[in-house]
Amino acid sequence: MTKQLFNLQSKYSPSPDQANAITEITQNIADWEKFQTLWWVTWSGKTFTMANVIKEINKPTLIIAHNKTLAAQLAQEFKDFFPDNAVHYFVSYYDYYQPEAYVAKTDTYIEKEATINEEIDRLRHAATQDLLTRKDVVIVASVSCIYGIWDIALYTEQVFDIEVWKEYIIEDLLKKLVAIQYRRAASDFKPGNFMVMWDVLEIYPSSSETVITIEFWWNEVSQISSRNYLTWEVYDYMQSAKIFPAKHTVTTKDRILEIIPEIKKELDARLKYFKEDIWDVLKYERLKTKVEYDLEMMAEVGYVNWIENYSSYLDGRKAWSPPATLMDYFGKDFLCLVDESHMTFSQIGWMYAWDRARKTNLVENWFRLPSAMDNRPLKFEEFEAKFSNVVSVSATPWKYDIESSCDNPDVFLNFDPIKDWIWKSSKQCRVIPQMMRPTWLLDPEIIQKPMEFMIDDIMKNISDVIDNNERILITTITKRSSEELTDYLLENWIKVKYLHSEIETLERLETLKELREWKIDVIVWVNLLREWLDLPEVSKICILDADKQGFLRSTSALIQIIWRAARNENGKVYMYSEQLKKTDLSKLNREEDWLLRLDNGKLCNDEWLIVSEAMRKAIDLTYYRRNLQDKYNKENWITPKTVYSEIKDMWLKSNKTKRDYSMLDRKSVEKELSKLELEMDIASANMEFEKAAELRDAIIDLKKWKK
């Protein structure tokens with residue numbers, strides 16, 4: 001019997017709808033079905049469903065999200081569900097990244113420039129090291145996981161152990177550390193460094209927040225401990241310590257000496273072709289200078305900043321073959337969950353093409369050898385080939401999800417996700433619906449209105465929600481329109497604030513908190529409140545210019561906006577669109593738009609409202625789900641009620657003891673500030689109000705002490 005790896009901890013148990021989804025997904029995996037789709041509605045507990053699937057499948061799991069913020073939120077949620085297991089966060093470690101590029105039009109070469117976030121780099125190392133040493137691992141990654149990381153065999157062969165009571169020559173250990181990219185430090189002790197003080201060797205692993213202290217008695221190791229790098233507090237005494245490389249891009253000096261002649265052969269061939277066929281001294285010299293500099297650096301120190309351009313030589317790959325990625329560290333038997341798959345899969349699909357175009361430009365203009373093109377992300381088909389079990393998770397699955405989840409994709413040439421027969425037979429189609437919320441609340445009603453009467457109608461809706469002690473959200477398309485509408489409402493004595501991308505993160509959180517505390521009645525926003533938001537006080541949402549085409553009014557965007565009103569039992573959404581008279585219908589050239597004639601007294605019989613294709617799909621899907629939910633509630637005598645979650649006071653000063661910074665030097669203070677600011681950004685992105693406030697207060701205190 002297989003040992004249970006994952007210990008799921010939660011005070012909740014799956015609802016009937018969640019239990020059905022969990023059972024069906026796990027059964028499909030047991031039947032060796034490679035691909036299936038969880039089709040969920042917001043606040044139906046899809047993360048809890050995913051956690052239960054991980055527990056039941058009992059395999060190492062990769063969860064892919066389409067951006068860092070969502071990945072950070074998921075990582076925190078899964079850490080709460082699996083506190084005894086290894087849950088890691090794996091995203092791009094660049095705070096700033098300007099890739100190497102060439103602009104032919106202006107003959108401008110742009111050198112690679114990057115600022116590496118040391119904390120995220122540490123989390124990446126921790127993720128790969130746990131994958132190599134244990135099985136109870138959950139990695140939440142962004143799409144950066146499809147980029148080459150380094151050959152796993154080259155990485156693991158550099159790992160070595162240090163054990164208590166064994167004899168070592170310290171000089172040999174130091175040479176080993178240097179060979180795997182550790183650097184000797186004096187005062188600025190940080191991950192990837194080591195220090196030697198008499199008979200004590202201290203190693204700061206790239207994957208850890210603790211320092212490994214190795215004490216010698218002559219050549220014998222007498223004690224190994226782990227301690228805090230700032231306070232020197234000892235956490236544990238160990239019998240042995242496993243030392244992993246300081247960088248993923250690590251290799252041996254012998255391997256570098258082996259590949260340098262091979263790279264020179266490619267360089268000579270390119271230079272010969274260039275010199276004999278299309279003589280151009282400038283391009284000839286720049287390729288020769290750049291590659292020879294790289295080779296000299298690699299021969300002398302074993303590393304160069306753009307060593308990844310020679311990765312195919314270093315790991316012995318054939319030309320055009322896929323690089324090793326995070327997925328290779330999982331092995332062959334693991335589970336993959338793709339969150340918000342309608343966004344994630346599309347990102348994965350275009351990343352290779354974008355990288356290929358940039359590298360081709362560099363090679364054709366003699367800045368790089370052709371082998372540099374093998375340093376690339378995976379093609380989509382290569383990505384697909386890495387998995388044996390995939391569960392895509394989306395509220396708005398796209399055609400790829402449906403076709404991959406069904407045995408006969410030809411059936412879905414005219415794909416419509418509302419048809420009942422899509423999931424009636426799980427053997428033919430593995431699209432698993434999760435339509436019911438544990439609160440039993442329905443999707444909101446949708447009411448279509450003309451833009452002509454928009455302001456009067458908005459004022460009436462604001463009055464209604466205030467009378468009912470509820471709140472309202474208004475979404476616009478541009479920043480300017482949000483600010484102008486806010487000014488108008490303020491002139492009419494409405495308590496309102498606007499939100500858009502120029503508003504600082506913590507100021508946004510403060511505005512949301514004020515809405516929940518009834519200090520303001522209205523928020524006017526531009527594309528900031530579509531996901532991950534809990535505002536049960538909001539009963540009405542007004543969508544201005546609902547018929548406009550574009551990202552902000554796509555089907556998935558409209559559905560996410562509509563669902564912001566799904567936390568209130570009185571939820572209603574008002575879609576305002578352009579109206580046309582019968583005589584003006586010839587002016588409508590957008591074939592995908594539909595028309596709606598209203599005969600309810602608001603418009604005359606010869607007046608029509610524009611209904612875009614995105615609007616139609618969003619409305620149809622919302623009412624399909626609403627009818628299912630309402631039917632279930634009536635059959636089970638359920639009356640849904642608004643559930644008001646606790647409002648966390650993020651602005652009170654923390655009651656925790658203030659940290660003591662008196663022992664830190666200036667460099668350590670700067671390092672601690674950077675770490676706290678990163679933690680605050682992640683906490684803010686996760687809507688962890690109290691934690692963000694505590695970190696903010698710590699940053700303020702540290703800056704005061706610094707002065």
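Reader: What does the secondary structure of the protein chain come to?

Author: It comes to 20 helices and 28 strands. The model is a predicted one.

Reader: How much of the protein chain is buried?

Author: Buried residues make up 52% of its 707 residues. The accessible surface comes to about 34,000 Å², with 51% of that belonging to carbon and sulfur atoms.

Reader: What share of the contacts between residues at least 6 apart joins residues at least 24 apart in sequence?

Author: The share is 73%.

Reader: Where does Val 221 sit, and why is Val 221 called buried?

Author: Val 221 is in strand β14, residues 220–228. Its relative accessible area is 0%. Buried means under 20%. Therefore Val 221 counts as buried.

Reader: Which residues is Val 221 in contact with, leaving aside neighbours within four places in sequence?

Author: Among them are Ile 162, Glu 163, Val 164, Trp 165 and Lys 166. Tyr 168, Ile 214, Glu 215 and Phe 216 are also in contact with Val 221. Take Val 164: it is 57 residues from Val 221 in sequence, yet the C-alpha atoms are 5.0 Å apart.

Reader: What makes Thr 26 buried at 17% relative accessible area?

Author: The cut-off is under 20%. Thr 26 has 17%, so Thr 26 is buried. This residue belongs to helix α1, residues 16–30. Beyond its neighbours within four places in sequence, Thr 26 is in contact with Val 53, Glu 56 and Ile 57.

Reader: Why is Trp 198 called exposed?

Author: Exposed means over 50% relative accessible area. Trp 198 has 84%, so the word applies. Trp 198 lies in the loop between β11 (193–197) and β12 (200–204).

Reader: Which residues make the nonpolar surface patch with Trp 198?

Author: Met 197 and Trp 232 make the patch together with Trp 198. Its area is about 460 Å². A patch residue needs over 30% relative accessible area. Trp 198, at 84%, passes that cut-off.

Reader: How many disulfides does a search of the whole structure find?

Author: The search finds 0. Cys 336 is in no disulfide. The nearest cysteine sulfur belongs to Cys 145, 7.5 Å away.

Reader: Are Cys 336 and Cys 542 buried or exposed, and why?

Author: Cys 336 has 0% relative accessibility, so Cys 336 counts as buried. Cys 542 is buried too, because its relative accessible area is 0%. Buried asks for under 20%.

Note on methods:
Residues numbered from 1 in each chain as written. Predicted model: local features only at pLDDT ≥ 70, side-chain atom pairs only at ≥ 80, totals over all residues. Heavy atoms only, no water. Helix = DSSP H or I, 4+ residues; strand = E, 2+ residues; numbered from the N terminus. Buried < 20%, exposed > 50% of the residue type's maximum accessible area, 1.4 Å probe, protein only. Contact = heavy atoms within 4.5 Å. Areas by Shrake-Rupley, 256 points an atom, 1.4 Å probe, with all protein chains shown as cover. Patch = residues over 30% accessible without salt bridge, like charges linked within 9 Å, V, L, I, M, F, W, Y side chains within 5 Å. Salt bridge = Lys/Arg side-chain N within 4 Å of Asp/Glu carboxyl O. Disulfide = S-S within 2.5 Å.
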